[in-house]
Amino acid sequence: MKSFITSILMLLAITACNSKSSLQPSPVNPNATKEAVDLYQKLVTQINNGIMFGHQDDIVYGHSWKTDGVSDIKQTSNDFPAVFGWELGDLELGNAYSLDSVAFTEIEEGMKWVYKEGGINTVSWHVNNPLTGGNSWDVSSKEVVASILPNGEKHENFIEMLDKVSDFFMTLKDENGNLIPFIFRPYHEHTGSWFWWGQDLCSTDDYISLWRFTVNYFNAKGLNNILYAYSAAGNFSSSAEFLERYPGDDLIDIIGVDIYQTSIEGKENYITSTQNLLNILTPIAKEKNKVSILAETGFESIPDSTWWTETLWTAIKDYPISYVLLWRNAHDQPNHYYAPFPGQISADDFVAFKNQEKVLFLSDIKRKK
Ligand code: BMA
């Protein structure tokens, strides 16, 4: 009898351990909408099928073109990405066009289309500098974050910026009038010092307060359709460094990192650095019950014909990340692109990469639920 009870207790203990280590499919916001819960669940369940492929601004412009609905990825591989990145910079100024010349009405329509098609939307925000009036790369002052927090001299201006963003978020509704769920990834690459919210530009407490103020503000507006992603630049070398400015388990649903390859000779370094970073992220995600992602990556101009199968895939294939997002193909800068287009030297290899069982495009995530 005693051994029977012991066996039962051991079984219970094993079950408890297993369930603790497997991801719980729910966002941290207790008021998350059903649609947000479903999005989170999709991010979690697709990890079992492979890694979803994403591309920034995929359907609003591409290498040397700017027409709604065209896609360099679709033209090259006959499928759309599973994840679509969007950029809000300049929305907070009340402008009609983003800093990358995309009308916010196009972004609204694009995000609605993606959601209807079963894809995933993620939004970045290169927010202008509220203190100096410069852009997000204006690092001339270390007072910016402090100035926009409550009691700061620019707090009211910052509230106006947040209101413009939340007004836009409120337009993102599906055919039934429900808010479309999406991933919001503000204040990114903060472990670097090239944005006004970066490491050397504000204190740890102020960076965390900025995050907490922003999320609480949107929550109070009833924007319970948002999942929040915290993504560092790829310059950290320990979990302590990655978590130094982590805003809190009660705010963050997704953790990620941004890393780029910058030269042909940098191939091995990119592979090992990406693996080292994902080796840090993976246990954190497991312990905290979060989804992990490669939030931004790429090799500008892709001057390597086998980059997709031999570099990117080698770097990420063994990690339980939900998606990898490639940065944008600019329409007005001939060398500023990170995904192929027909005729680009890595286009065939991209198709080979796409055809792998574990690489998931839009049609794959519709098929594999
Ligand atoms: C950067 C570059 C810029 C762009 C910005 C926001 O990485 O691509 O050209 O304006 O992202 O999308």
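**View 1. Glu244 pairs with Arg245 in a salt bridge.** Glu244 is partly exposed at 36% relative accessibility (partly exposed lies between buried, under 20% relative accessible area, and exposed, over 50%, with a 1.4 Å probe and protein chains only). The N to O distance is 3.7 Å (a salt bridge is a side-chain nitrogen of Lys or Arg within 4 Å of a carboxyl oxygen of Asp or Glu). The model is predicted: local features need pLDDT of at least 70, side-chain atom pairs count only at pLDDT 80 or more, and totals for chains, interfaces and linings use all residues. Residues are numbered from 1 along each chain as its sequence is written, and side-chain values use heavy atoms, without hydrogens and water.

**View 2. Asp249 and Lys288 form a salt bridge.** The N to O distance here is 3.2 Å. Asp249 sits in the loop between helix H8 (239-243) and strand E6 (254-261), and Lys288 in helix H9 (residues 267-288), so the pair ties together parts 39 residues apart in sequence. Helices (H or I, at least four residues) and strands (E, at least two) are DSSP runs, numbered from the N terminus. Asp249 is partly exposed at 36%. Lys288 is buried at 18%.

**View 3. Arg185, Asp258 and Glu296 belong to one network.** Salt bridges with shared partners join these residues.

View 4. Lys34 is exposed at 59%. Asp38 is partly exposed at 34%. The salt-bridge count comes to 14.
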